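Hi,

Here is the structure for you to look over. My notes on it follow below.

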Amino acid sequence: MDEALIQKVMEEVIKTLNQSGVYLSPEKEGMPRMLVIGDFDDVPLEEKNQYILMGIDDYEKYKNIRRYQKVLITKLTLAQLSDIALGRDGCSTSCAVVNALLRGIDVVMRDGALWHRKLAGKGSPKLYSVLENNVRQLESYGVKIIAEQKPVFMHEPKPAKFAAPPVTVPEGSMKPTADRLITESIAQSLVSEGNVQVCVAKNAIITPSAWDIFKKNKVEIIKK
């Protein structure tokens, strides 16, 4: 059979599987399965590369939670949230999650699945508290909630509105220094060089400890 025809047939098979709730590619054969409750588009790329993604249709077909090594929740209704918190298996989603938790299979939920959090502070605080209690109940069962990763935009720093005026180094045969602040360490360095006169900027500030060093070594300070 023509290789191009074989490739086309494989692509059609994969497309059909994907449409039926299975995210599969030839190179993933033999990899562990992950049950995705919600949209495949919301699955992080890292997870897509590590697992074969299976939809809730696959669970409804086989009713065997042991087929999956992990469960990822990207979308959840309030009814499903409540059912899982109460340990109910009324629908396929809550049934899959409850069974996964009972059998020690990792269950991870993206915080984007908790859409009620977008309405925090806008409506009934008592109802919001009830929903959050359900979330905490899931966490107590072992459900790991991961935060959505928001893109970080780097902005170029804005130029300073004000800039310090440049310091002019005085001319002359004496040892000049362009430092606006003359500290003890700077004074000690100038003295150690054997200077008997030091010329500094007119608006330079000399600390008291620096003055003591200059006086002790009889160094004349000239400001220009």
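**What I found**

Buried residues account for 35% of the 224 residues in the protein. Please keep in mind that this is a predicted model. The average pLDDT is 81, and 76% of the residues score at least 70. Residues 169-174 have a pLDDT below 50. In the model, that stretch has 12 contacts beyond near neighbours in sequence.

**Overall numbers**

The secondary structure comes to eight helices and 11 strands. Take the contacts between residues at least 6 apart in sequence: 56% of them join residues at least 24 apart. The protein exposes about 14900 Å². Carbon and sulfur atoms supply 54% of that area.

**Nonpolar cores**

The largest nonpolar core has 25 residues. Which of them touch the most other members? They are Leu35, Ile65, Val71, Ile73 and Met109. Several elements each supply at least two residues of this core: strand 2 (33-37), strand 3 (52-54), strand 4 (70-73), helix 4, helix 5, strand 5 (106-110) and helix 6. Helix 5 gives the largest share, four residues.

Leaving aside neighbours within four places in sequence, Ile73 is in contact with Ile37, Val97, Val107, Val108, Met109, Arg110 and Ala113.

**Helix 4 and its surroundings**

Helix 4 covers residues 78-85. Gln80, Leu81, Asp83, Ile84 and Ala85 are buried there. What do these buried residues pack against? They pack against helix 5 (92-102) and helix 6 (125-141). After helix 4 comes Gly87, with a positive phi near 75°.

Thr93 sits in helix 5. Is Thr93 buried or exposed? Thr93 counts as buried, because its relative accessibility is 9% and the cut-off for buried is under 20%. Setting aside neighbours within four places in sequence, Thr93 is in contact with Ile37, Ile56, Leu76 and Gln80. Gln80 is one of the buried residues of helix 4.

Leu78 also belongs to helix 4. Leu78 counts as partly exposed, at 31% relative accessibility. On the surface, Leu78 forms a nonpolar patch with Trp115 and Leu119. Together the three have about 260 Å² of accessible area.

**Salt bridges**

How many salt bridges does the structure hold? There are five. Here are details on some of them.

- Lys70 and Glu47: their side chains meet at 2.9 Å, N to O. Lys70 lies in strand 4 and Glu47 in helix 2 (residues 45-50), so this pair ties together parts that are 23 residues apart in sequence. Lys70 is buried, at 13% relative accessibility. Glu47 is buried too, with a relative accessible area of 12%.
- Lys144 and Asp106: the closest N and O atoms of this salt bridge are 3.7 Å apart. Lys144 is in strand 6 (residues 144-146) and Asp106 in strand 5, so the pair ties together parts that are 38 residues apart in sequence. Lys144 is partly exposed, with a relative accessible area of 44%. Asp106 counts as partly exposed, at 40% relative accessibility.
- Arg117 and Glu132: in this salt bridge the closest N and O atoms are 3.0 Å apart. The pair links distant parts of the chain, 15 residues apart. Arg117 is in the loop between strand 5 and helix 6, and Glu132 is in helix 6. Arg117 counts as partly exposed, at 32% relative accessibility. Glu132 is buried, with a relative accessible area of 13%.

**Where to look**

Two places in the model to open alongside these notes:

- Helix 4, with its buried residues packing against helix 5 and helix 6.
- Residues 169-174, where the pLDDT is below 50.

Best wishes

Definitions and conventions:
Residues are numbered from 1 along each chain as its sequence is written. This is a predicted model: local features need pLDDT of at least 70, side-chain atom pairs count only at pLDDT 80 or more; totals for chains, interfaces and linings use all residues. Side-chain values use heavy atoms; hydrogens and water are left out. Buried means under 20% relative accessible area, exposed over 50%, partly exposed in between (1.4 Å probe, protein chains only). Contact means heavy atoms within 4.5 Å. Patches are made of residues with over 30% relative accessible area and no salt bridge: like charges are joined within 9 Å, nonpolar side chains (Val, Leu, Ile, Met, Phe, Trp, Tyr) within 5 Å. Accessible areas come from the Shrake-Rupley method with a 1.4 Å probe; for residues, only the protein chains shown count as cover. A salt bridge is a side-chain nitrogen of Lys or Arg within 4 Å of a carboxyl oxygen of Asp or Glu. A nonpolar core is a set of buried Ala, Val, Leu, Ile, Met, Phe, Trp, Tyr and Cys residues joined through side-chain atoms within 4.5 Å. pLDDT is the predictor's confidence in each residue, from 0 to 100.
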